[in-house]
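The following exercises are to be worked with the sequence and the coordinates at hand. Each task is followed by a solution in steps.

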Amino acid sequence: MKIRYIKYFIVLSIFFVFGCSNTKYLPEGDLLYTGGSVTVKDSTMKKKERKELEKALEELLRPKPNKKILGLRPKLWIYNIAGEPKKDKGIRHWLRNKVGEPPVLFSKVGLDYNAAVLRSFAENRGYFKNRVSADSTVRNKRVTAEYIIQPRKQYKIKEVKFPDDSSALGKAIAKTSRRSLLKEGNAYDLDVIKNERERIDARLKERGFYYFNPDYILAQVDSTKGDYQVNIKLKIKDEMPEKAKIAYKIDKIVVYPNFSVSKDTVKYKKEDIVQYNDFTIIDTADTFNPRVFDRAILFKKGDFYNRKDHNLTLNRFVNLGTFSFVKNEFKTSDSIKNTLDSYYYLTLLPKKFIRVEVVGKTNSASYTGSEINVNWNNRNLFGGAELLTVSVFGGADFQLGGENNGKNIYKLGTETSLTWPRFITPFNIQGNSEFVPRTKATVRYEFQNRTQLYSLNSFNASFGYLWRESARKEHQLNIMDITYVSPNNVTAEYQEDIDEDAALGKVIEKQLIFGPTYSYTYTNTMQKRKKHTIYFNGELDLAGNITGLLTGANIKKKDTVKIFNVPLSQYVKFKTDFRHYIKLSKETQLASRIIVGIGLPYGNSNVMPTSKQFVSGGTNSIRAFRARTLGPGSYFNTVTTNSYLPDQAGDLKLEFSSEYRAKLFSVVNGALFVDAGNIWLLNADPNKPGAEISKDFMKDIAVGAGAGLRFDFSFLILRTDLAIPLRKPWLSENDRWVIDNIDFGSSTWRKDNLMLNIAIGYPF
């Protein structure tokens with residue numbers, strides 16, 4: 001009982017300290033402004049409409065009060081206790097100016113100004129002749145502002161008229177009326193009228209009216225008809241220039257691929273001018289094949305100007321990846337009436353460059369390591385904006401869990417890829433997306449050495465296509481993806497381990513995997529203003545299907561097909577990754593992810609290749625468990641004194657994570673998270689009891705939770721997550737929840753359960 005009273009006393013003391021000290025430092029005669037409220041008084045308005053209007057009006061009040069967390073204002077408190085710094089550096093300066101927040105004083109609040117803003121906003125929403133009153137309430141050196149608005153009945157739209165003149169412009173505007181934002185019966189809203197003018201302008205830009213702009217449309221509103229209704233008449237302003245009335249066509253198209261931003265001019269000789277189809281190309285260095293511009297520019301001579309092709313062309317030039325600056329200019333032609341000459345000024349990026357990437361990761365219970373990649377790139381290999389990338393990479397993972405007897409992982413490799421900015425197919429495929437489609441060929445070799453155990457040589461070659469439907473939708477299709485894995489230097493120690501656990505032998509089997517792969521990604525997370533955003537990725541991997549079908553391979557009948565004396569892998573693998581983000585406030589977010597994966601071996605295979613199976617646990621998975629050691633199912637691999645940590649893999653995967661993210665101060669963000677999931681085998685393995693999927697698979701779910709700090713340095717995000725297991729699926733059914741066993745005071749418990757994860761970037 002005494003302990004409980006002490007806790008209550010501490011909590012109340014904190015509230016008292018934070019509360020009282022914030023008014024202690026106020027200037028003499030001033031008050032702390034703690035916020036304003038708006039009350040809409042209208043008995044005829046629906047409650048939902050009234051609440052929405054009050055919320056919209058309160059957003060307009062200025063200034064905003066000091067930020068609150070759980071009813072307290074810690075940033076204001078930090079500002080006050082830091083005091084006035086004597087110099088522009090040091091801890092006091094940092095606390096007061098970077099972490100803290102100065103008090104918002106009532107002397108800075110303009111009641112009449114806010115009332116005028118509210119009145120104007122309500123009128124723009126159709127609440128004409130509204131009344132707004134303002135008052136304030138003072139209590140203990142704190143003051144709040146209260147605003148009361150009497151909006152009266154909202155005006156509705158009775159009739160909308162479009163221009164009815166016989167000019168080409170008038171007819172073009174009239175044709176846009178079908179999709180008008182101004183609907184009869186809708187409430188009057190000034191913002192909707194502005195948006196309607198923008199909509200009409202956008203439609204006209206698609207029909208050649210290059211010099212038209214929204215300001216040339218006048219909206220006349222007549223509210224004298226009574227009965228709280230208005231008539232809206234849209235008309236073309238009389239003072240509009242003549243050229244805005246004309247629909248223009250494209251005449252000349254001129255491209256300058258070697259434009260210099262610093263010189264802002266292009267000096268060229270007559271022999272630098274190349275005519276290609278409808279284009280005039282002035283390439284002083286003979287940098288590009290003219291077909292590059294034919295594929296990028298969507299305008300053709302004689303086409304009506306339209307903004308869509310204008311913007312798509314600029315985006316295609318940017319997405320080629322060879323230009324640092326893209327500028328477009330349209331000029332009225334001096335040779336043909338009512339036409340435009342189009343000029344494209346392109347500034348080249350350096351053709352060749354080197355990029356170095358360093359990646360680090362740590363899971364305190366298993367591995368810590370890093371990887372370095374050195375990439376040499378050529379942006380225009382054959383003059384068609386092709387990208388050649390030659391990479392050399394190396395890395396090391398050092399075992400931390402169990403007893404590290406030097407059984408670390410080292411890898412070294414190289415990769416070469418060539419990307420063409422077009423589809424390379426037997427037949428012609430034309431696209432008009434703003435994103436340039438790509439064809440990519442890749443060859444890769446990697447040597448991996450797990451010291452004192454074995455080595456693996458891995459060869460991979462792929463050829464496929466990447467394209468984007470839009471900014472949200474992306475596809476990747478590899479029509480051929482070949483992987484060959486060969487073991488080397490298998491030690492006697494590892495052979496002894498295989499005798500005890502046959503599943504370990506799958507790791508060093510020769511593997512030949514080939515077939516198509518497909519990936520689809522949809523995301524709208526770039527829309528920062530949306531409250532709900534999502535990310536979805538689906539992957540399909542089909543290995544050996546056609547070959548297995550043609551040969552009639554069936555491992556169950558011992559009719560195994562081999563190529564170069566290596567069994568052909570045959571399976572279907574499908575994986576989905578769905579993420580949902582909810583913006584709770586400007587600086588807080590709830591992020592959730594679910595992963596579902598399944599791999600089905602058949603025909604020539606009775607198990608999935610180890611490199612294609614699913615794993616669980618680690619910095620980007622279930623963070624409370626060792627990397628790649630969770631599962632499968634309720635199976636648990638006991639680590640002996642002379643052992644290492646073998647990877648555990650499965651044919652099925654189910655994983656869920658949810659994370660609350662909030663900005664704390666400066667570059668520091670905090671997170672609270674919970675992870676759950678596991679992997680399973682499709683078929684029983686006598687060496688791994690409990691690993692097979694069953695109808696009671698939910699009993700095998702592992703659960704972990706924790707907290708983390710993320711340091712956002714703009715160019716990278718450093719993540720530190722500390723997690724603990726809440727449910728261990730390998731324990732007996734009645735003992736799997738281990739919440740009651742949490743004991744931070746025990747060094748043994750901390751060693752076995754506290755998992756520190758250090759990584760670059762968010763987990764999802």
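Axes are lines fitted to C-alpha atoms, for helices over the stretch in contact, and angles run from 0 to 180 degrees between N-to-C directions. The model is predicted.

**Exercise 1. An open sheet and its helix**

Task: Determine the strand order of the open sheet of 3 strands, and state how helix α7 is placed against β5 and β6.

Solution. 
Step 1. The strands follow the order β4-β6-β5, and their pairing is mixed.
Step 2. β4 (156-161) and β5 (217-222) are the edge strands; each has a single partner strand, so one side of each lacks a neighbour in the sheet.
Step 3. On average, and with direction ignored, neighbouring strands of this sheet are turned by 25° against each other.
Step 4. Between β4 and β6 (residues 229-236) the pairing is parallel and comprises 5 bridges. Lys 156 is found opposite Gln 229 of β6.
Step 5. Helix α7, residues 190-205, lies across β5 and β6 and runs at about 145° to β5.

**Exercise 2. The buried residues of a helix**

Task: Identify which residues of helix α4 are buried, and name elements that cover them.

Solution. 
Step 1. Helix α4 spans residues 91-99, and its buried residues include His 93, Arg 96 and Val 99.
Step 2. An α-helix has 3.6 residues a turn, so residues three or four places apart point the same way.
Step 3. Among the elements that cover the buried residues of α4 are α3 (74-82) and β25 (652-665).

**Exercise 3. A hairpin**

Task: Describe the pairing of β10 with β11 and the turn between them.

Solution. 
Step 1. Strand β10 (residues 323-332) runs antiparallel to strand β11 (residues 339-348), and 9 bridges join them.

**Exercise 4. A nonpolar surface patch**

Task: Which residues make the nonpolar surface patch of about 540 Å², and which strands supply at least two residues each?

Solution. 
Step 1. The patch is made by Ile 354, Val 356, Val 358, Ile 372, Val 374 and Trp 376.
Step 2. β12 (352-363) and β13 (367-378) each contribute at least two of the patch residues.
Step 3. In a regular strand the side chains alternate between the two faces of the sheet.
Step 4. Val 374 belongs to strand β13. Its relative accessible area of 36% makes Val 374 partly exposed.

**Exercise 5. Salt bridges and their burial**

Solution. 
Step 1. The count comes to 29 salt bridges.
Step 2. Asp 251 and Lys 301 form one of them, with 3.7 Å between the closest N and O atoms. This pair links distant parts of the chain, 50 residues apart: Asp 251 is in strand β7 (residues 249-256), while Lys 301 is in the loop between α8 (291-296) and α9 (307-319).
Step 3. Buried means under 20% relative accessible area and exposed means over 50%. Asp 251, at 5%, is therefore buried, whereas Lys 301, at 51%, is exposed.
Step 4. Asp 577 and Arg 579 form a salt bridge at 2.8 Å, N to O, and both residues are buried.
Step 5. Glu 659 and Arg 623 also meet in a salt bridge, at 2.8 Å from N to O. Glu 659 lies in strand β25 and Arg 623 in the loop between β24 (588-601) and β25, so the pair ties together parts 36 residues apart in sequence.
Step 6. Glu 659 is buried at 0% relative accessible area, and Arg 623 is likewise buried at 0%. Salt bridges that share partners join Arg 623, Glu 659, Arg 661, Asp 675, Arg 710, Arg 719 and Asp 721 into one network.

**Exercise 6. A loop residue and its contacts**

Task: Where is Asn 687 placed, and which residues does Asn 687 contact beyond its neighbours within four places in sequence?

Solution. 
Step 1. Asn 687 sits in the loop between β26 (668-680) and β27 (702-712), and is partly exposed, with a relative accessible area of 32%.
Step 2. With those neighbours left aside, Asn 687 is in contact with Glu 500, Asp 501, Ala 502 and Tyr 635.
Step 3. The C-alpha atoms of Asn 687 and Ala 502 are 7.2 Å apart, although 185 residues separate the two along the chain.

Definitions and conventions:
Residues are numbered from 1 along each chain as its sequence is written. This is a predicted model: local features need pLDDT of at least 70, side-chain atom pairs count only at pLDDT 80 or more; totals for chains, interfaces and linings use all residues. Side-chain values use heavy atoms; hydrogens and water are left out. Buried means under 20% relative accessible area, exposed over 50%, partly exposed in between (1.4 Å probe, protein chains only). Helices (H or I, at least four residues) and strands (E, at least two) are DSSP runs, numbered from the N terminus. Contact means heavy atoms within 4.5 Å. Two strands pair if DSSP finds at least two bridges between them. Patches are made of residues with over 30% relative accessible area and no salt bridge: like charges are joined within 9 Å, nonpolar side chains (Val, Leu, Ile, Met, Phe, Trp, Tyr) within 5 Å. Accessible areas come from the Shrake-Rupley method with a 1.4 Å probe; for residues, only the protein chains shown count as cover. A salt bridge is a side-chain nitrogen of Lys or Arg within 4 Å of a carboxyl oxygen of Asp or Glu.
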